[in-house]
Amino acid sequence: QVQLVESGGGSVQPGASLRLSCAVSGGTSSRYGWGWFRQTPGKEREFVAAVRGGTGQIYYADSVKGRFTISTDNTKNAVFLQMNSLKPEDTAAYYCAADTPPWIILSALRYGSSYDYWGQGTQVTVSS
């Protein structure tokens, strides 16, 4: 059973950076597609970024494009989300998710239903 554990969240000021990590156990990160999502209380889960399994194609939500970077490190069996120039509207619980083979097409990676495994989330708060 694949387990995902996020870390790296915290409270920062606007303009700061954070790097979220998603540690993978029970599976090999190179075999999966990956997504990051976020959610605030009372709102629907929002797609942030994804990397498609197999091809490595990357896909970002418009709201984070140019500020966030998704990456994988197969030597560490982990997935990362580098977040720069953080804004108050980035405040949310952030979740990583894994898509197992056969991999979903890139355009469908924005939907939470495309993923098979989820982590428990890590909180990011951006406030002055």
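In this predicted model, Y59 is found in strand β6, which spans residues 58-60. Leaving aside residues up to four places away in sequence, Y59 touches F47, V48, A49 and A50, together with L106, S107 and R110. With R110 there is also a polar contact, made side chain to side chain at 2.6 Å. Q1, by contrast, is 58 residues away along the chain from Y59, and the C-alpha atoms of the two are separated by 26 Å.

Y59 also belongs to a cluster of rings, in which ring pairs link it with F37, F47, Y115 and W118. The count of aromatic pairs comes to 6. One of them joins F37 and W118 in a tilted arrangement, with 5.1 Å between centres and 55° between the planes. Because F37 lies in strand β4 and W118 in strand β10 (residues 117-118), this pair ties together parts that are 81 residues apart in sequence. F37 is buried, at 1% relative accessible area, whereas W118 is partly exposed at 28%. W118 also pairs edge-to-face with Y115, at 5.9 Å centre to centre and 65° between the planes; Y115 is buried, with a relative accessible area of 6%.

Two arginines sit over ring faces: R45 over F37, at 5.8 Å from the ring centre, and R19 over F80, at 3.9 Å.

In soluble globular proteins, nonpolar side chains tend to be buried together.

Methods. Residues numbered from 1 in each chain as written. Predicted model: local features only at pLDDT ≥ 70, side-chain atom pairs only at ≥ 80, totals over all residues. Heavy atoms only, no water. Helix = DSSP H or I, 4+ residues; strand = E, 2+ residues; numbered from the N terminus. Contact = heavy atoms within 4.5 Å. Polar contact = N/O pair within 3.5 Å; in protein donor to acceptor, adjacent residues only side chain to side chain. Phe/Tyr/Trp six-rings, centres within 6.5 Å; stacked < 30°, edge-to-face > 60°. Buried < 20%, exposed > 50% of the residue type's maximum accessible area, 1.4 Å probe, protein only. Lys NZ or Arg CZ within 6 Å of the ring centre and 35° of its normal.
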